[in-house]
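Work through the exercises below with the sequence and the model open beside you, trying each task before reading its solution.

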Amino acid sequence: MAIGPSVAIFTLLAAAVLQPALAQDSPRVSSSLKTGTQLVVLDVVVTDSKQNPVHSLSASDFTVFENNTTQRIKSFEEHISTDAAKSEPPLVLPPGNFTNYTSVPANAPVNILLIDTLNTPNGAQSYLRSQLRLFLKNSPPNVPLAIFGLSTHLWLLQPFTADPRLLQAAVEHKSSSTSPLMDNATTGDKSDTIPLELSIAHTPPSVVRRMQQFEAEHSSDDLQLRTRYTLNALNQMARYLAGLPGRKNLIWFSGSFPISILPDANILNPFAITADSSDKFRQTTALLAKSQVAVYPIDARGLADPSAYSVESSGVQYDPKLDPNQGRNQDVFTNHLNDAIRQNADDNSTMLQMAEQTGGHAFLNTNGLANAVTRAIEAGSNYYTLTYTPTDMADDGRFRSIKLKLRRDGYTLAYRRGYHADAPKTSDGGETSLAAVSSTGFTKLTSLAAVPVADPMHDTMSFGSPVPTQITLKVLVVPAAGQPEETVASGNFAIPNARLIGPYRRYDITIAVDPSAVVFTPGGDGNRHADLMFRTYLYSHDGKLLNTSSRVADEDLTPGLYERTLHTGVFFHQQISVPLKGEFYFRVGVHDVTADRDGAVEIPVASVKDLPPVVEPPSTRPLAQRPVDFQK
């Protein structure tokens, strides 16, 4: 059944078979509150001078300031860790039904371990694994964890579980991985590189300086890539965790990276290597804080001297007998030592800022990594949640600073330091117009000559990456009626270089979207406007993109249709063709342009290929996200 573009996503809402969305497939009670300009949710960890959690405080002990204006606390709740946090039973859905709804412990914070091999030297990775084994051996029972890995991509190694065998297997499976973007993957700094003026006898100084300039610029490029990959991964993490209720503690093992690359007076053009990721860093920390994710960075390198002092580094490059210049080796040693100290300080600064802006705590210069994990989980499991309605209700997109004061002295407070008052976005996501995007949702090649179009769904639709939960989806996938075909379905865009080979089988994809996660903008005519993007991608088993079905849905809803949508959900139908032979996967995603929210699921085609086809794609009852989230 084809659905015309004029009715787009809401055609199925008129069908009599639709069932109310507010009834769930499984009950869930949650005290989670949405964060926005109307109601600000603030998690606060209070510790004493020995970093022990402080209990039994009341709302009257706190004073909240937003932009230096006192705010009235609307609700207040203390959370105390328990050893018996019970996870929800996993959802059991009928064949062909899939969702990004994630079962997590009820009324308890969730903890995530992120093993970052992109920014961590090899030696530190080996020590980190041994410390994680120690932690898992001594960790309290019934504490669910999820484990992620970061290389040039973010990988989900183990979904939430309290089974120590599964957690141990995930840690053992994540072997040491050499970062492709570190100057020295062994030590993590630049001081092991043999200076060119010492390794090449009698090299003219002008040649040496040019080669040093080249090396410095290459190093800066790699560092900028590391920064981009890392911040993108943390953005993905925030979107993956956003749909889970309550506080999330992200324990991030890393060697970290500097936010800014400063000029280097030792090279020909000191400013050629400069770069600044402050804006992207602020966007990332803001998204993490908005998703109630507190980051606990742990320096996986532990306590270590700069490698300029190591035996491996103190030989040829600092040997005065090999230095034809007057004492230049001492200058090289001093420069390398200063660079290593400055780099470590910059890395630490990134970790400290990440923790401060999200309400976590950074663990630096410690070899007790296992103990740091225990302390992070304890701190993130004993906290207070307070809410307030801002006195300034304007949705102007500006940053609102938050400051907390406690009426008792001697305590330390950890909480997020502000938020941006959400301002409606245009259909271009604040970047370049989507007029350059074709009807398939892909960028037209002719549009790339001027300014490239930012794809807001790039990370959402990446194969194997964690599925975002900002928008809860329920997806029904069944084979379409009819015989195999020699061409792909109308509206599909087969990737030219993928060498897709028929015959093909069509599949019906029916997407049900939780309406509470969609922003419906009121118009002057009384209608409500929704700006959504729907995509279904087909991947090979090795992650190669083969075929796509994509649509930008830009719809106006009458008041009656809008009210019905709030009670039944948002539906959309797509068809996509799959070769009969081979192992393939669907990635189905939705993006709300106005709210910049995402939802996605990933489905093996093998799990649906033998289901009976249907003549007409049925409408599915959308999976309600959480009862409180449906309250507008």
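**Exercise 1. Describe how helix 4 and helix 5 are placed relative to each other, and list the residues that join them.**

Helix 4 and helix 5 are roughly parallel to each other, a class that covers angles under 35 degrees, because their packing angle is about 20° and their axes lie 9 Å apart. Those axes are lines fitted to C-alpha atoms over the stretch in contact, and angles run from 0 to 180 degrees between N-to-C directions; the helices themselves are DSSP runs of H or I with at least four residues, and strands are runs of E with at least two, numbered from the N terminus. The model is a predicted one, in which local features need pLDDT of at least 70 and side-chain atom pairs count only at pLDDT 80 or more, while totals for chains, interfaces and linings use all residues. Residues are numbered from 1 along each chain as its sequence is written, and side-chain values use heavy atoms, with hydrogens and water left out.

Next, identify the contact (heavy atoms within 4.5 Å): helix 4 contributes Leu 231, Asn 232, Leu 234, Asn 235, Ala 238 and Arg 239, and helix 5 contributes Lys 280, Phe 281, Thr 284, Leu 287 and Leu 288.

**Exercise 2. Find the salt-bridge partner of Arg 239 and state which parts of the chain the pair ties together.**

Begin with the criterion, a side-chain nitrogen of Lys or Arg within 4 Å of a carboxyl oxygen of Asp or Glu, by which the whole structure holds 13 salt bridges. Arg 239 pairs with Asp 598, their closest N and O atoms being 2.7 Å apart. Since Arg 239 lies in helix 4 (residues 205-241) and Asp 598 in strand 25 (residues 597-604), the pair ties together parts that are 359 residues apart in sequence.

Then check accessibility, where buried means under 20% relative accessible area, exposed over 50%, and partly exposed in between, with a 1.4 Å probe and protein chains only: Arg 239 is buried at 13%, and Asp 598 is buried at 0%.

**Exercise 3. Determine the partner of Asp 299 and decide whether Asp 299 is buried or exposed.**

Asp 299 forms its salt bridge with Arg 301, with 2.9 Å between the closest N and O atoms; at 1% relative accessibility, Asp 299 counts as buried.

Key. Angles under 35 degrees count as roughly parallel, over 145 as roughly antiparallel, 65 to 115 as roughly perpendicular and the rest as oblique.
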